[in-house]
Amino acid sequence: MSVKRKINQIVVIESLPDGDIMTGKELYEDVVKRHIDLLQEQAIKMTHVFFDVKTKNSFIESLKYVNTNSKYIPCWSGFVIRGVRNLT
């Protein structure tokens, strides 16, 4: 038996090297945030959050946020990540 949960939050996590096109930020600003803030009806309004992670620790912290909050706020998480040589 599957349990259906309504998504109440969208989380976008971006980890891209400086100089790359910030596609996650663009997705968040142009689609997610704009749609929710300007078009979504108040009665069904979702929350949204964007993480721009530059280190391994900040990535782990963003995942902890998702893990903690997903227990209370069903969420959808999107990751925009490309490989880098030296992530410390």
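Guide: A residue is called buried when its relative accessible area is under 20%, exposed when that area is over 50%, and partly exposed in between, using a 1.4 Å probe and protein chains only. This is a predicted model, in which local features need pLDDT of at least 70 and side-chain atom pairs count only at pLDDT 80 or more, while totals for chains, interfaces and linings use all residues. Residues are numbered from 1 along each chain as its sequence is written, and side-chain values use heavy atoms, leaving out hydrogens and water.

Visitor: Why is Val 53 called buried?

Guide: Val 53 has a relative accessible area of 3%, which is under the limit just given, and therefore it counts as buried.

Visitor: What is Val 53 in contact with, leaving aside its neighbours within four places in sequence?

Guide: Contact means heavy atoms within 4.5 Å, and by that rule Val 53 is in contact with residues including Ile 13, Leu 16, Phe 59 and Ser 62.

Visitor: How do you know that the buried residues of H2 line one face of the helix?

Guide: In H2, the buried residues are Ser 62, Val 66 and Asn 69. Seen down the axis, they fall within an arc of 85°, taken from the directions from the helix axis to the C-beta atoms, so they line one face. The face turned away from this buried side carries the exposed residues Lys 56 and Asn 57.

Visitor: Why is the pair of Tyr 28 and Phe 50 called tilted?

Guide: The structure holds two aromatic pairs, and in this one the rings are 5.4 Å apart centre to centre with 35° between the planes. Rings of Phe, Tyr and Trp (its six-membered ring) pair if their centres lie within 6.5 Å, and planes under 30 degrees apart count as stacked, over 60 as edge-to-face and the rest as tilted, so 35° makes this pair tilted. Both Tyr 28 and Phe 50 are buried.

Visitor: What makes the pair of Phe 51 and Tyr 65 edge-to-face?

Guide: Phe 51 and Tyr 65 have 65° between their planes, which passes the limit for edge-to-face, and their centres are 5.3 Å apart.

Notes: Helices (H or I, at least four residues) and strands (E, at least two) are DSSP runs, numbered from the N terminus.
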